[in-house]
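Open the model in your viewer and show the side chains.

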Amino acid sequence: MAFRIAPSILSADFARLGEEVRAVAQAGADVIHFDVMDNHYVPNLTIGPQVCEALRPHVSLPIDVHLMVKPVDRIVPDFAKAGASLISFHPEASEHVDRTIGLIHEHGCKAGLVFNPATPLDWLDHTLDKLDLVLIMSVNPGFGGQRFIASMLPKIAEARRRIDAATQSGAREIWLEVDGGIKSDNIAEVAAAGADTFVSGSGIFGSKDYAATIRDMRTRLGAVRRAA
Ligand code: DX5
Ligand code: ZN
């Protein structure tokens, strides 16, 4: 099982973003997590496709665009053009979830569906075999630095069961990403529950030494034994 660490640039120094993404890439990150907020679907406002395009030449890592915007479809082609590798969205923010997944694929990106803490996994019933990524929110979306909601652990385990079942019956590779409140001290239990991709904003950008923090996370992941 490959584990991926995805620093969220929401907690980076926005005045030095290019430098910050190069620093986490150099420090051993696997993916750059890019949080897009619109002050409508979530009560905060961040960055858009122009910033994604500006960052693209700074790293060769995949850029994982997490859309917290409504509507979704209008902005998808812009992010694809701006160099996004994965684009994920919240089902509540799209009028036609299947169409949005298709649109992301048509534009050459991998597609992810995001589950808020109170959003049931039922949305996977008719989508899972088309997805490349399932993203479980372990905080309510909108802000970095919130506390991990521990009751999400069984939900992560359930998502893992569903993904394994789909993969066994021939679905594409599907990543299980968790976002919110992940730090060195709880990353192992999130992995033990079944996650393979870990977003960490304040946990990495709030630390003094990014490389040491990512190394510490990997050491803790290395000790994880998952229940079969
Ligand atoms: C929250 C964002 C997260 C956020 C995580 O809405 O989707 O990606 O940056 O930040 P931390 O790791 O600080 O909880
Ligand atoms: Zn995010």
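The tour below covers a predicted model.

Start by selecting helix H1, residues 17–26. Which of its residues are buried? They are Leu17, Gly18, Glu20, Val21 and Val24. Now look down the axis of H1: the buried residues fall within an arc of 165°, so they line one face of the helix.

Next, select Asp30 and Arg218, which form a salt bridge with the closest N and O atoms 2.9 Å apart. This pair links distant parts of the chain: Asp30 sits in the loop between H1 and E2, whereas Arg218 belongs to helix H8, 188 residues apart. Asp30 is partly exposed, at 24% relative accessible area, and Arg218 is partly exposed too, at 31%.

Go on to Arg74 and Asp78, another salt bridge, with 3.2 Å between the closest N and O atoms. Arg74 is exposed, at 54%, while Asp78 is partly exposed, at 24%.

In helix H5 (residues 153–168), pick Glu158 and Arg162, which are 4 residues apart, about one helical turn. Their side chains meet in a salt bridge, 3.3 Å from N to O. Both are partly exposed: Arg162 at 24% and Glu158 at 28%.

Finish with Arg4, Arg160, Asp164 and Asp196, selected together; a network of salt bridges links them. The model's salt bridges number 14.

Notes
Residues numbered from 1 in each chain as written. Chains lettered and ligands numbered in written order. Predicted model: local features only at pLDDT ≥ 70, side-chain atom pairs only at ≥ 80, totals over all residues. Heavy atoms only, no water. Buried < 20%, exposed > 50% of the residue type's maximum accessible area, 1.4 Å probe, protein only. Helix = DSSP H or I, 4+ residues; strand = E, 2+ residues; numbered from the N terminus. Arc of directions from axis to C-beta. Salt bridge = Lys/Arg side-chain N within 4 Å of Asp/Glu carboxyl O.
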